[in-house]
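Q: I'd like to go through the helix packing in this one. Can you take my questions as they come?

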Amino acid sequence: MTPLIAKMIWAVGVVGWFVIRYPHQRRSRRTPKRVRSDRVREFVLMTISSTGLGIVPALYVTTGFPAFADYTFRPWQAWLGALVFAAALWLFYRTHKDLGRNWSVTLEVREQHALVTHGVYRHVRHPMYSAFWLWAVAQALLLSNWIAGLAGLVGFGTLFFLRVGREERLMYETFGEEYRRYVARTSRVVPGIF
């Protein structure tokens, strides 16, 4: 493993994310929405997350900037990052498959929206967030740069901590007691950690 190969693995992971997400995003545009959250807030949070998981690391991968924040590359760390990114993509795929037409990129409730509690949602309420956390960790392991590597944790972490509570309130409002029972038997992001 070399720094160049680690950067290429990061880039392939991002392409894999796009390939998984694209058909679901196209389909979601055609599904009518019943409730939409604050669009400006959602746009700002998505921009922050995209900057950390995409723009900053892409700048580093393509130009080497900011080289002053580089640290010693460790092949074992990059191998671990590749494994974590593979797990992130698998989980990302599963969440989309399990959600089906209930998926949305922002906080929205769709017409005929159903509470999904099967598949990866059987144990975790927000496995898509789990997948993004894994991506952010993989990025930190693959890119041996303090800024580009950690940008995903900061960018996605900002989105997560400012959104997950609002998302759960929306689910309580939409599904009531059914969601309360679901919350009682599942973890938020990491299986077994309530």
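A: One definition before the helix pairs: axes are lines fitted to C-alpha atoms, for helices over the stretch in contact, and angles run from 0 to 180 degrees between N-to-C directions. Also, this is a predicted model.

Q: Fine. At what angle do H2 and H5 cross, and how close do the axes come?
A: The H2 and H5 axes cross at roughly 165° and come within 8 Å. Since angles over 145 degrees count as roughly antiparallel, that makes H2 roughly antiparallel to H5.

Q: Which hand is the crossing of H2 and H5?
A: The H2 and H5 crossing is left-handed.

Q: Which residues make the contact?
A: From H2, they include Leu45, Ser49, Gly52, Leu53, Val56 and Tyr60. From H5, they include Ala151, Gly155, Phe156, Leu159 and Leu162. By class, the residues of the H2 contact with H5 divide into 13 nonpolar, 5 polar and 4 charged.

Q: Ser49 is on that list. Is Ser49 buried or exposed?
A: Ser49, in helix H2, counts as buried because its relative accessibility is 8%, and the cut-off for buried is under 20%.

Q: What does Ser49 touch, leaving out residues up to four places away in sequence?
A: With those left out, Ser49 touches Gly155, Phe156 and Leu159.

Q: Now H2 and H4. What is the angle, and how far apart are the axes?
A: H2 covers residues 39-63 and H4 covers residues 127-142. They pack at an angle of about 25°, with their axes 11 Å apart. That angle makes H2 roughly parallel to H4, as the cut-off for roughly parallel is under 35 degrees. In passing H4, H2 makes a left-handed crossing.

Q: Which residues meet there?
A: On the H2 side, Gly52, Leu53 and Pro57. On the H4 side, Phe132, Trp135, Ala136 and Gln139. This contact of H2 with H4 has 5 nonpolar, 2 polar and no charged residues.

Q: Moving to the core. How many residues are in the largest nonpolar core, and which touch the most other members?
A: The largest nonpolar core has 42 residues, and Phe85, Phe132, Trp135, Phe156 and Tyr179 touch the most other members. H1 (3-29), H2, H3 (75-99), H4, H5 and H6 each supply at least two residues of this core. H4 gives the largest share, 9 residues.

Q: What's around Trp135?
A: Not counting residues up to four places away in sequence, Trp135 touches Trp10, Val14, Trp17, Leu53, Phe85 and Ala88.

Q: How about Phe92: where is it, and is it buried or exposed?
A: Phe92 is found in helix H3. Its relative accessible area is 2%, so Phe92 is buried. With residues up to four places away in sequence not counted, Phe92 touches Trp17, Ile20, Arg21, Met128, Ala131 and Phe132. Phe92 and Tyr129 are 37 residues apart in sequence, and 8.8 Å apart in space from C-alpha to C-alpha.

Q: Then Leu141. What are its contacts?
A: Leu141 is in helix H4. It touches Gln77, Ala78, Leu80, Gly81 and Val84, not counting residues up to four places away in sequence. From Leu141 to Leu80 it is 61 residues in sequence and 7.0 Å in space, C-alpha to C-alpha. At 17% relative accessibility, Leu141 counts as buried.

Q: And Glu173, buried or exposed?
A: Glu173 is in helix H5, and with a relative accessible area of 65% Glu173 is exposed.

Q: Last topic, the backbone. Is the peptide bond from Phe65 to Pro66 cis or trans?
A: That bond, from Phe65 to Pro66, is cis, with omega near 5°. Pro66 is in the loop between H2 and H3. In general, most peptide bonds are trans.

Key
Residues numbered from 1 in each chain as written. Predicted model: local features only at pLDDT ≥ 70, side-chain atom pairs only at ≥ 80, totals over all residues. Heavy atoms only, no water. Helix = DSSP H or I, 4+ residues; strand = E, 2+ residues; numbered from the N terminus. Parallel < 35°, antiparallel > 145°, perpendicular 65-115°, else oblique. Left-handed = near helix turned anticlockwise from the far one by under 90°. Contact = heavy atoms within 4.5 Å. Nonpolar A, V, L, I, M, F, W, Y, C, P; charged D, E, K, R; others polar. Core = buried A, V, L, I, M, F, W, Y, C linked by side-chain atoms within 4.5 Å. Buried < 20%, exposed > 50% of the residue type's maximum accessible area, 1.4 Å probe, protein only.
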